[in-house]
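Biologist: Could you walk me through this model, starting with how it was made and then going on to the bonds and bridges?

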Amino acid sequence: MNLSSPLLFCLAAVFFSAASPHQIWNKLTLTHHWPTTFCSMEHCHAKISYWTLHGLWPDNGNECNSSWHFNSSQIEDLLPDMEKSWPDLIKPSSSSFWKYEWQKHGTCAAEAESLNSQHKYFSKALELYHKLDLSSALNKFNIIPSDYYKFSQIEGAIQSFYGVTPKIQCAHSSKNTQVQNLGQIEICFDSEFTLLDCEKNPNKEKFPEEVWNNLLVKTTSGFKVCDHDIPVYYPPLSLK
């Protein structure tokens, strides 16, 4: 059965209202990217040898309030940490990356009281990022740059350290299909900021499949799910 878009949105509104009276999302994805891989795709020159923040993404909704504009003065005390932990790898001196993340994801995350201001949203993302300390977690299991690993080694290290399954993405070479570079790692939380397997969603079973698929946030980052059968290269800091 094919449902029209207006009907899908009406059904979505009804189901969300019943499932969650205070917010329209139930899972947050804290997304990290590896600067060397990112810059190999975007032609930037970041001299950063640790995982940086890409964003904090609720699972439902995009650009939920176009009138709620980003204002860096509201997060002035966070800026030193933002510049280090959540840098714009393409335009380091610009705040356009944070503006984009706020408008696309932050305004939707703000449906929850715990994230209902720019300061709450950005500070919570930084708090979760520092608590996870992904770079140290990988180092503990001897997953370090400049070497190749099985996908299962990387996934297993994260599962062992955090107790949940992440989403791991790679950059694939168009010239050599047997090469993939580690690029992005997503670690997920429920609405109470408790770690959650990324493939799980607390409310998925409450929705008809066609409605659910139309509600999911579609993100495009240039990364794709890693091929489990091809070695994953963890590239070192570029000296160029």
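This is a predicted model: local features need pLDDT of at least 70, side-chain atom pairs count only at pLDDT 80 or more; totals for chains, interfaces and linings use all residues.

Modeller: Residues are numbered from 1 along each chain as its sequence is written, and side-chain values use heavy atoms, with hydrogens and water left out.

Biologist: Which parts does the pair Cys64 and Cys108 tie together?

Modeller: The disulfide between Cys64 and Cys108 has an S-S torsion of about 100°, so it is right-handed. Cys64 sits in the loop between strand E2 (52-58) and helix H3 (79-85), and Cys108 is in helix H4 (residues 96-109), so the pair ties together parts 44 residues apart in sequence. Helices (H or I, at least four residues) and strands (E, at least two) are DSSP runs, numbered from the N terminus. In short, the tie is between the E2-H3 loop and helix H4.

Biologist: Is Cys64 buried, exposed or partly exposed?

Modeller: The cut-offs are under 20% relative accessible area for buried, over 50% for exposed, and in between for partly exposed (1.4 Å probe, protein chains only). Cys64, at 31% relative accessibility, counts as partly exposed.

Biologist: Where does Cys226 lie?

Modeller: A disulfide joins Cys226 to Cys170, S to S 2.1 Å. The pair links distant parts of the chain, 56 residues apart, with Cys170 in strand E4 (residues 167-172). Cys170 is buried at 0%, and Cys226 is buried too, at 4%. As for the place of Cys226, that is the loop between strand E7 (224-225) and strand E8 (232-234).

Biologist: Why is the disulfide of Cys188 and Cys198 right-handed?

Modeller: The sulfurs of Cys188 and Cys198 are 2.1 Å apart. Cys188 lies in strand E5 (residues 180-190), and Cys198, ten residues away, is in the loop between strand E6 (195-196) and helix H8 (209-215). Cys188 counts as buried at 1% relative accessibility, as does Cys198 at 10%. The disulfide is right-handed because its S-S torsion is about 105°.

Biologist: What pattern do the disulfides of the chain follow?

Modeller: Here the bonded cysteines are counted along the chain. Read that way, the pattern is 1-2, 3-4, 5-8, 6-7.

Biologist: On to charges: which residues are linked in a network of salt bridges?

Modeller: A salt bridge here is a side-chain nitrogen of Lys or Arg within 4 Å of a carboxyl oxygen of Asp or Glu, and the structure holds two. Lys124 pairs with Glu127, with closest N and O atoms 3.3 Å apart, and Glu127 also meets Lys131 at 3.0 Å, N to O. The linked residues are therefore Lys124, Glu127 and Lys131.

Biologist: In which helix do Glu127 and Lys131 lie?

Modeller: Glu127 and Lys131 are four residues apart, about one turn of the helix. Lys124 and Glu127 are three residues apart, also about one turn. Lys124 counts as buried at 15%, Glu127 as partly exposed at 32%, and Lys131 as exposed at 63%. The helix holding Glu127 and Lys131 is H5.

Biologist: What do the buried residues of H2 pack against?

Modeller: In helix H2 (residues 35-42), the buried set is Pro35, Thr36, Thr37, Phe38 and Cys39. Just after H2, His43 takes a positive phi of about 60°. The buried residues pack against strand E1 (27-33), E2, E4 and E5.

Biologist: Last one: which residues is Ser146 in contact with, leaving aside its neighbours within four places in sequence?

Modeller: Ser146 lies in the loop between helix H6 (134-140) and strand E3 (147-149), and at 47% relative accessibility it counts as partly exposed. Ser146 and Pro235 are 89 residues apart in sequence, yet 5.1 Å apart in space, C-alpha to C-alpha. With contact meaning heavy atoms within 4.5 Å, the partners of Ser146 are Tyr233, Tyr234, Pro235 and Pro236.

How values were computed:
A disulfide is a pair of cysteine sulfur atoms within 2.5 Å.
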